[in-house]
Every structure is written in C-alpha cells, then in structure tokens.
Amino acid sequence: MRAGLITFGAVIAVIVALILLSSVHGENSAELLESAHEHSSSVILSSVVQAIGFLLLTVPLYFLFRAALARSDRMRRQFVGVILVAPLFFAISAVCTGVALNEAADEFANGEAKPTMTIEKAHEEGVSEEKDKGAKAFGEKYDSGTSPLKDCETTERQSDAADNARGDATFTGPATGFELAGRIGLAFALGYSCLFAMRVGLLTRFWGSLGIAVGVAALLLIPQFTMIFFIYFALLLIGKLPRGRPPAWAAGEAVPWPTPGERMAEELEPKDGGPDPDEDGPAAPELPEGTEAPDPETAPEPDDGSGGSSPGGPPRKKRKRRN
C-alpha cells in the first residue's frame, strides 16, 4: 500500500511539473527564452517538482525488482544499482535544465547573447523559406519588420543568438549528460524488471510488454510516457484493479502464465473427466442372491416371436399343410 501511494505521488508530481512548464512556450528559441524570462519562477518550481517526482519513482522500480528477484533465480542482484541511480540521474538533469534555461533567458534578455549566423546566411535562409511556403504565407508569418524578408533575417539571427545562449549556459552540459544516463538507466530498469515480473507471473503479458515498450520510449522519445505504466502499477499495489492482483503476489512464489498451447489443452479437456479407459462398457446388472448365471453354451436361445430359429441354434421342424 505504501509503495502504491508513493507511486501515485510520483506520477502526480511529474504531471504537475509539466503543467507548470506549459506557461513557457514559443515558436523559436528566441521566443522560448523570452517566455522563460517572464516565467522564471515557474521554470525553477517545475524543475524542482519534476526532480521530486523522479526521485519517488525509485520506490516502485525497486519494489518491482525485489518482488521479481524473490521469485526468480535467473535475475542478477547486481543490477539493483541501475534501478536506484536511473531516477536519481533524471532528478539531477531536471534541476540542471531549469537552472540552465533561466541562465540563458537572463543572458538573452540582457542582450549579452550574440549570434554567430552572418547576415548573408540569414538572407539565404529567408529566401529558401519564402520559396517553400509561398509569398502569401511567408508575408503572414513575418509582418513586423520593414519587409517580410528583413523580418525573417532578424528572427533567424535572434534564434541563433538564443541557441548560443542555451548552449553556453553553465549547466547545459551536465543536464544533457545526466538526462542521457537517466534515459538509458530507466529503459534498462523497466525492461529488465518487467520482463522477469512477467515471467514469474507478477505482471500480465500485456502490462509486462507495455512496461518494456515505455522503457524503450523513455530512451528514444520522452520519459513522461512511462507514467502510463506507473499509474497501472500503483493501482495494482493498492489493490484497485478490477480483476485483482495476479496470483504470484499472494503465493509468494513464481506462478508463470500458461502458454497458448497449455490454455488450449485445458479448454479441450472434458470437465467430467470422460469415460474410464479400463471399462469396456456399461456394467452388467447384478443377479438376485442365490441365483447363478447360466452357462452361455447351455443357455436357451431367446425367442423373438417370429417362429424362426435364432442364429447358431438348432433348426426348427416345419409343419405340413393339410389340403
């Protein structure tokens, strides 16, 4: 129960962090830094809340790993270190990202960020974009300068200066490095734990496979996709799933899921057990006490009422007709 509630707290913290950061937006790097400068407190608060959320994810990851480890002899206990450090790396990365973003925003707002893109290069970018979008769409997008092309050149150089400010921020490098390490660690932690949890029956095949999939998504896309799995796992831990927990949780040992062949064989097996192979047919009726069964060779043949002889019996004499 406690692990499930902590998991819910982690999910809520990550979602709240995304909501706080939604106020910072922009179509290009320059507009993004201008928005971050206006909402600098939201940037810092979001990074701290997100770091807390990732740190809390250590509990469900460790809990699932230990539960699977207790039911499988094939798991490597040494991998528990990866389970513990992956959320820590994400937490450090979140804080470093928030600090780096505010530092770059202040530098850009104070005019200290300088572009490295030349005017000629900006002009080429503007001409190329105008050809791609068309004169009408290009003019609607860049309508604040003396001409759309001049406005595009200014925007390109400002975005380049904003990119340089973000790249030169003190904590940009550590944020990138810790985020990459966290992605790799989280992908491994979810993939490894969910694989063995599925094998020993702690997770169903669907949710075990989904846990592995969102682990890969955390590596290639964004780690927030993993919240789908953690919401399910929190419901499982607190016992709020419609079908309850898988049997392996209560058994305290591995209860592997049956294979498709085993399930088919179980469905085809008759429920009443079927006929006994040792019995040739229905049992003969019992005779009254003191009565012996006749010998088959001397027993009279049954009369079927047709006047004929039974197969295998003595022939009957025919009566002569009177004229």
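Trainee: Which residues lie nearest the centre of the second largest pocket?

Mentor: Glu27, Asn28, Glu31, Tyr142 and Thr155, out of a lining of 14 residues. Keep in mind that this is a predicted model.

Trainee: What makes a residue part of that lining?

Mentor: A lining residue has an atom within 4 Å of a pocket point, so Glu27 and Thr155 are in on that basis. The pocket's volume is about 270 Å³.

Trainee: Which elements give two or more residues to the lining of the second largest pocket?

Mentor: Helix 2 (29-38) and helix 8 (148-168) do, and helix 8 gives the most, with 6 residues.

Trainee: How does the lining of the second largest pocket divide by class?

Mentor: Into 2 nonpolar, 6 polar and 6 charged residues. Glu counts as charged, so Glu27 and Glu31 go in the charged group.

Trainee: And what is the volume of the largest pocket?

Mentor: About 590 Å³. Its lining has 26 residues, and Leu21, Gln50, Thr97, Gly98 and Glu179 are the closest to its centre. Helix 1 (2-21), helix 3 (40-56), helix 5 (80-109) and helix 9 (172-199) each give two or more residues to that lining, with the largest share, 7 residues, coming from helix 5.

Trainee: What is the class make-up of the largest pocket's lining?

Mentor: 14 nonpolar, 9 polar and 3 charged.

Trainee: On to threonine 58, then. Why is threonine 58 called buried?

Mentor: Its relative accessibility is 17%, and buried means under 20%, so threonine 58 counts as buried.

Trainee: Which residues is threonine 58 in contact with, leaving aside its neighbours within four places in sequence?

Mentor: Leu84 and Pro87. Contact means heavy atoms within 4.5 Å, so both have a heavy atom within that distance of threonine 58.

Trainee: Where is threonine 58 found, and where is confidence highest in the chain?

Mentor: Threonine 58 is in helix 4 (residues 58-69), and helix 4 is also where confidence is highest, at a mean of 94. The lowest is helix 13 (residues 260-268), at 65. For the protein chain, the mean pLDDT is 81, and 80% of the residues reach 70 or more.

Conventions
Residues numbered from 1 in each chain as written. Predicted model: local features only at pLDDT ≥ 70, side-chain atom pairs only at ≥ 80, totals over all residues. Heavy atoms only, no water. Helix = DSSP H or I, 4+ residues; strand = E, 2+ residues; numbered from the N terminus. Buried < 20%, exposed > 50% of the residue type's maximum accessible area, 1.4 Å probe, protein only. 1 Å grid on protein atoms, 1.4 Å probe; cavity = no way out; pocket = protein on both sides within 12 Å on 5 of 7 lines; lining within 4 Å. Points joined across faces, edges and corners; volume = space filled by probe spheres on them. pLDDT = per-residue confidence, 0-100.
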